[in-house]
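This report is meant for a reader who is meeting the structure for the first time. Please look over the sequence and the model shown here before reading on.

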Amino acid sequence: MNLRFLWQKRKSIIFTWLISYSAVLFIPMIMSMIIYSQSSEALKSEIHRANDSLLKQVRYSIDTQIDLMKRLNMEISWNTKLQTLMYSTKQSSDAQFLAYQLVKEFRMYQTSYATIDEFYVTWDQESAVLRPGNIRDKQTAFDTIHNTGTLRYEQWLDMINHAANNEFVLLPHVDSASPQSAIAYITHLPKDLNGKQAGTVVVMADMERFQKAMESISLFNGGQILILNHDNQVLMSNLPVTDQDNLILQQWMDRDHVMVSPSGNGDSELFYIQSEISDLKYVLVIPSNIYWQKAEYVRKFTYISIFISLMGAGVLTWFFLRRNYSPIQQLVKSLSDKNSTEERTDWNELHFIQKEIFNTRDEKERIALQLQSHHNVLRSNMLSRLMKGKMDTLVSYEEAFKSFDIKLSSNKFAVILFAVENHESLNGNLPGMDMNERRKLIQFIITNVVEELVGQRQHTGYVAEMDDMMACLINFDDAGTSDWREDLNWIAAEAQRFLTRFRMDLTVSIGGIQSTLSGAAIAYQEAMDAMEYKMILGKREIITYDDLRRDAEDKSQLGYYYPLQVEQQIINLIKVGDYSQASAFMNDVTERNFNKPFVSLTLAKCLIFNLVGTMVKAINELGEGDSGILDDNPLWMENIIACDTFAEMQHELQTLLKEVCGFAAAKVESNQSKERTETLRDLIAKVMKHIAEHYHDANLNVNTIGERFELKGSYLSKLFKEQTGDGLLDYISKYRIDQAKKMMASRKDSISEIAKIVGYNEVATFIRVFKKYEGITPGKFKEMG
């Protein structure tokens, strides 16, 4: 549970602050590490420079001794007597004398090169060794010079004979102080004319001479100094050299000038430098703890400063985190819903506070919208009650007007009604909205447009929804000098024109001007009465109550035209299915009634119902009490009543008249067709009877039958085929074949006799016709029977 809680708290602002503070702390830590790194590099560079200087001192001291060894080696090698001795063909006695003179001369070299502890030349021709002052055989010379017990005679010979030319090697030396060893410089003399080795020059310097130069440096830095030949073999060291040291030297000497390598006692720093006069290398190996002893103080100081910085930063970070987080924590607690049982999911406090502020703002806006919506509904309801004459409210209208910010400029009022005639097309133009949203949007548009137009005429208007229409209560401004009736007509016309931009088709009615607040109900009723007249005047019109009232006062315009004789004529035309004549009579009746300046709504509705009744009477008079057309179309009357205008009613009447006339015409035609069918059926029966009575007559054919019934033969045959499916000639032939088949089954007459009996004078003709209809000849048919 604690781990889960900590994981959720990772998004908290306290973690963000902790990371921020840590980032600020991280910068000085990086700077400290950089300073430490630069200091270490500077110290390292100084230590390298110091050790390099020490190595150069070693190189100078040892190179001086090496230079003497090489110089002595060269003088000996180029000595004329030695050259004569090694490469002449003198007698043995002469050669011995010359060798004696040479060794005496070597004494002079010994005196001149006092720091050279030993040198000799091997005389391979005589297997002897030439030393200063004496000549010895090789065995004696080995025992005298090198036999310290560390090297055998054979090993010495192998080394002398096979060592690389001008090579430094380590050889034991009897006369040397401990350790009894010396560094020898070996040079092979050129071979003689026979290609044999002539001899070898060996110059030696005791180790003691080199150790003095090395001890001063080792005492200074506590390191190990080594002298290596060109094969990286240790010639000399101030400390014992292990096998691991030899392996390290073999692997790493050809790399960087300075390196760090592992050793048995820990890491070591290795430095080397090349001799300037030979192929020797001088190596300095210092343990890392000694090497870094001078930098240890800086390292410890850096670590301590970083540790103190971390501790101090941690304490300060915790202090400021708690101090800065406490107000936010209190704010989160105050915003949290204590009654909510849901677990909190947003653990970032700032996000939580921001979300709560947004939620509060949204709630405030939602409440404001609800209050505004309620305000509009209450205002609309108050205006609706006012215009409907319901003055008995608990709150006076004066107080209600103050509540709804309605200011009255005068006691003059009028009402304009707006009826939207194309709700269906508007719904199609506003996809994605339900019916209630579309209705509110339409009301909103009309309200804003109309109230704006009223304000442009210096009056005030208040729009409310009433009986599926929008009613605008207009309060006139007494200070205005314009004609108020003209203003009403302008407002209605401009609203109707402007709202066509929103694809709204409006019918507008204008009531009269009233002088009291209670007169608003009268103005509304007058506007409603004017709106009723859209049934006569049509939709999308501006209807003014005052104009209708003036027309109604002219009594000469009243009247009703639909005499009985006209109704009977229409019924007769309907019964015979004459739509064009019936429609002409009906249009004449409607024009005589509706083409007057003023038409009574009651009389107009009465005329429409009378015309519908005329069509019902005509249907009932068609006979046999058939009123199926009315049963199949039960909504005719409802469709007519649902029409908003008399033009729509006339259209429905014409549609109904067309269907009724069509029904009557079809019924008349059906009656005529029935009579004709019965006549034809009787005629065909008579023709069939005539064929049955005269089939044996050879002269019986289509034309004779036609003459018998006073019809053309081809026409009679066509009528016969329409009723029976067979032509008249085919029927005669089939009937004769059927009679012949009966005779062949019951009588013993011959084929020719039967042919004559059934009306065929020629037997061949009978056989051909028989085979056509039966598929076989009469003879075979008779045999089958």
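## Burial and the chain as a whole

A residue is called buried when its relative accessible area is under 20%, exposed when that area is over 50%, and partly exposed in between. S127, for instance, has a relative accessibility of 37% and therefore counts as partly exposed. The model discussed here is a predicted one, and the values that follow are computed from it.

The chain has 785 residues, of which 39% are buried, and its secondary structure comprises 30 helices and 16 strands. Among the contacts that join residues at least 6 apart in sequence, 63% link residues that are at least 24 apart.

## Nonpolar cores

The largest nonpolar core contains 45 residues, and I76, V121, L130, F210 and I227 are the ones with the most contacts inside it. V121 shows how such a residue is surrounded: once neighbours within four places in sequence are left aside, V121 is in contact with I76, L82, M86, F106, A128, V129, L130, L189, T200 and V201. Apart from this core lies another one, of 28 residues, which includes M535, I570, L573 and F594.

## Helices α3 and α4

Helix α3, covering residues 80-87, packs against helix α4, covering residues 92-112, at an angle of about 150°, and their axes are 10 Å apart. Angles over 145 degrees count as roughly antiparallel, and α3 and α4 are therefore roughly antiparallel to each other. Their crossing is left-handed.

On the α3 side the contact is made by K81, L82, T84 and L85, which meet A95, L98, A99, Q101, L102 and E105 in α4. Sorted by class, the contact of α3 with α4 has six nonpolar, two polar and two charged residues. L82, which takes part in this contact from α3, is also among the residues touched by V121.

Helix α5 (residues 138-145) and helix α6 (residues 153-162) have axes that come within 11 Å and cross at roughly 105°, which makes α5 roughly perpendicular to α6. Here K138, Q139 and F142 in α5 meet Y153, W156 and L157 in α6, and the residues of this contact divide into four nonpolar, one polar and one charged.

A further pair is formed by helix α27 (residues 728-746) and helix α29 (residues 763-774), whose axes come within 10 Å and cross at roughly 95°; α27 and α29 are therefore roughly perpendicular to each other. From α27, the residues D730, S733, K734, I737, A740, K741 and M744 meet F766, V769, F770, Y773 and E774 in α29. By class, the contact of α27 with α29 has seven nonpolar, one polar and four charged residues.

R59 lies in helix α2, which covers residues 13-77. With a relative accessible area of 13%, R59 is buried. Not counting residues up to four places away in sequence, R59 touches T64, I273, Q274, S275, E276 and Y282.

G512 is placed in the loop between β15 (506-510) and α16 (519-532), and its relative accessibility of 3% makes it count as buried. Although G512 and F413 are 99 residues apart along the chain, their C-alpha atoms are separated by 8.5 Å. Beyond residues up to four places away in sequence, G512 touches F413, A414, A523, E526, Y545 and D546. L656, in helix α24 (residues 646-694), counts as buried at 6% relative accessibility, and the C-alpha atoms of L656 and V612, which are 44 residues apart along the chain, are separated by 8.5 Å.

The place of E710 is in the loop between α25 (702-708) and α26 (713-724). Whereas S127 is partly exposed, E710 has a relative accessible area of 72% and is exposed.

Note on methods:
Residues numbered from 1 in each chain as written. Predicted model: local features only at pLDDT ≥ 70, side-chain atom pairs only at ≥ 80, totals over all residues. Heavy atoms only, no water. Axes fitted to C-alpha atoms, helices over the stretch in contact; angles between N-to-C directions. Helix = DSSP H or I, 4+ residues; strand = E, 2+ residues; numbered from the N terminus. Parallel < 35°, antiparallel > 145°, perpendicular 65-115°, else oblique. Left-handed = near helix turned anticlockwise from the far one by under 90°. Contact = heavy atoms within 4.5 Å. Nonpolar A, V, L, I, M, F, W, Y, C, P; charged D, E, K, R; others polar. Core = buried A, V, L, I, M, F, W, Y, C linked by side-chain atoms within 4.5 Å. Buried < 20%, exposed > 50% of the residue type's maximum accessible area, 1.4 Å probe, protein only.
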